[in-house]
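The questions below set values against definitions.

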Amino acid sequence: MRGGISFVLGALALAALQASVAAGESMTIPKQVTAGSAFSIQTTGSGPAVLYVAGPGQALSRNVQMGEPASFASGALHQAGHYLAVLVKGSSPVADGSFDVVPANQPAKLSFLAKPSRLPVGLRNGISGSVYVFDAYGNLITTPLPVSFALSTPSGAVQKRVVTTQNGAASTQMDSGAKEGAAKFIAQAGAATSTRVIEQVPGDPCTLQMSVQPSGQQLSVQTAPVRDCSGNAVPDGTIVSFTEKYNGIQSTVDVPIKRGVAQVEMPARPGATISVASGVVAGNEIRWEGGR
Amino acid sequence: MNKGGAVLAAAIFVATAAFVAIGTLHPVASADYFARGRTLLRPSSTPEAAVENLGSEIRLEQWQKAYSSLGNKAEFTENEFVHDLTGYYPSLRTYATVNSVEAHPLHATADTAEVQLILHWSTVVGGFVDTRDLHLVRNGDRWAVDWPLVKRQHVPPQVIPVNYLRWDVIYRGPGDDWGAQDVEAPHVRIVDMHPENRAEGVFVLGELLNEDVVPAFVSVRATLLGKSGATIASEGSFDMIRHTLLPKQVTPFLIRFPNADLSKVTSIRMDPLSVLVPASADPVIEVQNQKYNPAPGASLTGDLVNESGQTVNIAHVLTAFYDKTGQVIWVGGQYVDRALLPQTPVPFEIHVPEDLARRVSGERTITATYGLGDSM
């Protein structure tokens, strides 16, 4: 639709161009306007006319007295792009021209993509962050700008990077820390900041140790507190598999960790072998000799 | 009407009258049954006939007639008899129907007999077999069945404190900025995969691990690719997988490609799917007394024990069988037809193909459970 308007305006302008130049009717257009800033277009000649301005996001019209400037207040033209201006007197275009509206160089808003939102501790380059920088009117700022990234891990350590934007975007990669918990990932460009939270979770269990105690006719089998290789407690709900083998008979039970340990009751059979595993990590094996 | 048409009409009329007369005088048993409410059953003059009659009544869900025919009906009520067959608690039996009945004589004297009754039940997830060894007593010229009632299992009144873990999920909202974070999908990994060429087709088996710290709804899809990279077939694991995987839990899976030929397959593309879902760590099901019974008739038997306080209505047992190198060579499954009451063992049996039975060196069993109100 906007393209159609521009085409019609352009065609009219071309048709009337020679006549208007002969009559001394013209306008002076700035080559570049910052989005959202006030600007004016100077006209020459006399009599009333209408100034049309059309671009990718907006179309404006102003009644002007030729010979006087046509003023546009702050915020009147805020969408970046290439605009066409046509001055129409009566029903004929008398002058035309084009200009660019460019984004303001002050970052006002960041679109910050941080992935993943959850990852295991101790992962090199496991966190990626990408930032798109926008001005106050939501125009992508394509001129190079420095963006600083900072990842604050639960241990207190901070990783920092400064990356210059290319075509309005900047990205970086960070390592996850050694301690579980929420890490703050902050991107900043000028006065604009955006924060994401990265959940650092424990890795696979590192050493899985269990012990066995008789409990009536049963055996109470319990793991030591289950931790990953960085010493973080493996979260409750993680499945631990216990297997008891006796005389070719096997009993298996998958139990979730509760309060840091996994615990189960299994049949007490002298000579039975009990093993423990979680995911692909195997723990110790105990041969139950009837309490001896 | 021309002459030919009149002759044809007369012939049809005469033929119809003749068929009606024949049908009335010599009706087939099933037509007679539906027309006049007569029974299809033959007199219970032999032990086999008595058991077949009982089986037919059960198949037709004629509970009153079946109960009335029993010799030991004074020992239990009709309601107990019905629930013995259809389940005391909602279970797979509740949604099953008897498809066919077999009666096999075991032993007989002049006044008593032993006959095996095999009820073939069918359900939406496949069939199961109910075998009862029946004792029969002669009463005049008729034989009456003493029904071996499986008594209702009672869990003593008690309070079981449950402090199980539960995961709830809050997803990003529709009004959030497009760069805003959403909860990460669980990370899952196929830790073992093995194609098996069999007479029925190609089977892709393996194991899937949830290596994350959150629960996952998982599924696996396999695509067989031919020499030119063209897709031969693509299938999912359907119910031969435990769909809800808790953190660090491993499930076996089996994907069937009926009528496919492994020699025509150059590669297999595996697509594990995982979605973050709310889940509960309860119920915990212990698999007790697993015993591998070698060929012939190789099977894995054991008992399921529900260690939680809630009744599990339907349980699906899945077993991965391994060879000496630890590779999965078969995945078997069985739906348990009765509900799992707290602390009450329920047996299961999973059969292993005879040609693979010799290679089995170990196994691992897990259980998928469904309760009333759960999404299935």
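**Values against definitions**

Chain A has 1 helix and 25 strands, where helices (H or I, at least four residues) and strands (E, at least two) are DSSP runs, numbered from the N terminus. This is a predicted model, in which local features need pLDDT of at least 70 and side-chain atom pairs count only at pLDDT 80 or more, while totals for chains, interfaces and linings use all residues. Residues are numbered from 1 along each chain as its sequence is written, and chains are lettered from A and ligands numbered from 1 in the order in which they are written.

Q: Why is chain A called more spread out than a compact globule?
A: The globule rule, 2.2 Å times the number of residues to the power 0.38, is set against a radius of gyration taken over C-alpha atoms. For 292 residues the rule gives 19 Å, and chain A has 35 Å, well over that value, so chain A is more spread out than a compact globule. Along the principal axes, its C-alpha trace spans about 115 × 35 × 25 Å.

Q: What does the globule comparison give for chain B?
A: A compact globule of 376 residues would have a radius of gyration near 21 Å, whereas chain B has 28 Å. The C-alpha atoms of chain B fill a box of roughly 80 × 75 × 55 Å along the principal axes, and its secondary structure comes to 6 helices and 19 strands.

Q: Which residues form the covered face of strand β14 of chain A, and which the uncovered one?
A: In strand β14 (residues 169-174), Ala170(A), Thr172(A) and Met174(A) make up the covered face, while Ala169(A), Ser171(A) and Gln173(A) make up the uncovered one.

Q: How many residues does each side bring to the contact between domain 1 and domain 3 of chain B?
A: An automatic or database domain assignment supplies the bounds, dividing chain B into domain 1 (47-146), domain 2 (182-277) and domain 3 (280-370). Domain 1 of chain B gives 9 residues to the contact and domain 3 of chain B gives 7, residues being in contact if their C-beta atoms, placed from the backbone, lie within 7 Å. The centres of these two domains, taken over C-alpha atoms, are separated by 28 Å.

Terms used
Contact = placed C-beta atoms within 7 Å. Buried ≥ 20, exposed ≤ 12 C-beta atoms within 10 Å, placed from the backbone.
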